[in-house]
Amino acid sequence: MEYVTLSNGVKMPKLGFGVFQISKEDCEKCVLDAINAGYRHIDTAQSYFNEEEVGNAISKCGIVREELFITTKVWIDNYGYEKTRQSVLKSMEKLKADYIDLVLLHQPYSDYYGAYHALQDLYEEGKIRAIGVSNFSPDRLADMVAFNKIAPQVNQVETNPLHQQINAQENMVKRGVQMEAWAPFGEGKNNMFNNPILKEITDKYDKSAAQVILRWLTQRNIVALAKSTHTERIKENLEIFDFQLSEGDMNKITALDTKTSLFFNHQTPEAVDGFVKMIEERKGRI
């Protein structure tokens, strides 16, 4: 495993296992499979509805807590100082954890300043080892860095070969914020796994498209989150540290960038409307 060192000195595994869209019924087994395969970084969220199952796996896995890096994210409806604080303490209970390694604000809407102030206090109390944000655009991230006592240590954003976030990464590096990728495979959209350029590279290294994508991200010094419910693919996605992409192959992948999200643009009014609807649908469930 390779690691990055966050601005506060905390070491974070470059490859994590994400549990987005893994059902409560499957989550505990998948996390146990991932840990048994060698993953030490698990990424969940309040809005994934599977924190308890992640906590069950952590308590059963037999790995000492200090060797694991656990991330969760605060949902929008829990923003505001007091609600955020209480929601993180609740997440700790669900995760069966005395501390959480990284807590992120999930979306850049509503009272994220009040929420972030709660994360700062929990960080200073030792309940969180690192704090950050998710889906924050360069301007909002610059704002958070400039006007908070503790700058976000991580920003988790959609990053994949078709939406590479090169300018966003430059902004994060400039401000000492670690970039982390969600949807590194773009959920297979635009036939990504069969892209001819990626196919050419996978044949050259005798690796899968998923392995090449994850290696491309880690070589950009981006923390990547891989997700699968299949044991063999969980193991396969971890096998990316025994090869290195050449500069030429990195450049070929760079040429695939469309600079367009495969999902939606967080900076549009329509995105806000969509999250308002999502908040209403999830009320009482988180």
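**Second largest pocket.** I sorted the lining of the second largest pocket by residue type and got 10 nonpolar, 12 polar and four charged. H5, S8 and H6 are the elements that give two or more residues to that lining. H6 gives the most, with four residues. This is a predicted model, so I keep that in mind throughout. The volume of the second largest pocket comes out at about 600 Å³. I counted 26 lining residues there, and those nearest the centre are Pro-138, His-163, Gln-165, Ala-168 and Gln-267.

**Largest pocket.** Next I looked up the largest pocket, which holds about 870 Å³ of space. It is lined by 39 residues, with Phe-20, Gln-21, Trp-182, Ala-183 and Glu-187 closest to its centre. Its lining splits into 16 nonpolar, 16 polar and seven charged residues. At least two lining residues each come from strand S10 (223–226), helix H9 (231–238) and helix H11 (269–282).

**Helix H6.** Which residues of H6 are buried? I find Ala-168, Gln-169, Asn-171 and Met-172, in a helix that runs over residues 166–175. They sit on the same side of H6, because the arc they cover around the axis is only 160 degrees. The face turned away from the buried side carries Asn-167, Glu-170, Val-173 and Lys-174, which are exposed. I then checked what covers the buried residues of H6, and the cover includes helix H5 (138–146), strand S8 (154–158) and strand S9 (178–182). Just after H6, I noted Gly-176 with a positive phi of about 75 degrees.

**Gln-153.** Gln-153 lies in the loop between H5 and S8. Buried or exposed, I asked myself about Gln-153? It counts as buried, at 3% relative accessibility. A polar atom of the Gln-153 side chain lies 2.8 Å from the backbone nitrogen of Ile-131.

**Asn-135.** Another loop residue, this one between strand S7 (128–134) and H5. Asn-135 has a relative accessible area of 9%, so I log it as buried. What lies 3.0 Å from a polar atom of its side chain? I found the backbone oxygen of His-106. Leaving aside neighbours within four places in sequence, the contacts of Asn-135 include His-106, Gln-107, Pro-108, Trp-182 and His-266. Asn-155, Gln-156 and Val-157 are on that list too.

**Thr-72.** I moved on to strand S5 (residues 69–74), where Thr-72 has its place. Thr-72 is buried, with a relative accessible area of 1%. Its side chain makes a polar contact with the side chain of Glu-51, at 2.6 Å. I also checked a C-alpha pair: Thr-72 and Leu-104 are 32 residues apart along the chain, yet 6.5 Å separates the two atoms. Not counting residues up to four places away in sequence, Thr-72 touches Thr-44, Ala-45, Gln-46, Ser-91, Leu-95 and Ile-100, among others.

**Positive phi.** Last item: backbone angles. Most residues other than glycine have a negative phi, so I went looking for exceptions. Gln-21 is one of them, with phi near 65 degrees. I place Gln-21 in the loop between strand S3 (15–18) and helix H1 (24–37). With 53% relative accessibility, Gln-21 counts as exposed. Asn-191, not a glycine either, has a positive phi of about 55 degrees. Asn-191 lies in the loop between S9 and helix H7 (196–205), and at 47% relative accessibility I log Asn-191 as partly exposed.

Definitions and conventions
Residues are numbered from 1 along each chain as its sequence is written. This is a predicted model: local features need pLDDT of at least 70, side-chain atom pairs count only at pLDDT 80 or more; totals for chains, interfaces and linings use all residues. Side-chain values use heavy atoms; hydrogens and water are left out. Buried means under 20% relative accessible area, exposed over 50%, partly exposed in between (1.4 Å probe, protein chains only). The arc is that of the directions from the helix axis to the C-beta atoms. Contact means heavy atoms within 4.5 Å. On a 1 Å grid over the protein atoms alone, a cavity is a set of points where a 1.4 Å probe fits but cannot get out, and a pocket is an open set with protein on both sides within 12 Å along at least five of seven lines; lining residues have an atom within 4 Å of a point. Grid points are joined across faces, edges and corners, and a volume is the space filled by probe spheres set on the points. Ala, Val, Leu, Ile, Met, Phe, Trp, Tyr, Cys and Pro count as nonpolar, Asp, Glu, Lys and Arg as charged, and the others, Gly among them, as polar. A polar contact is a pair of N or O atoms within 3.5 Å; within protein, one must be able to donate a hydrogen and the other to accept it, and residues adjacent in sequence count only if both atoms are side-chain atoms.
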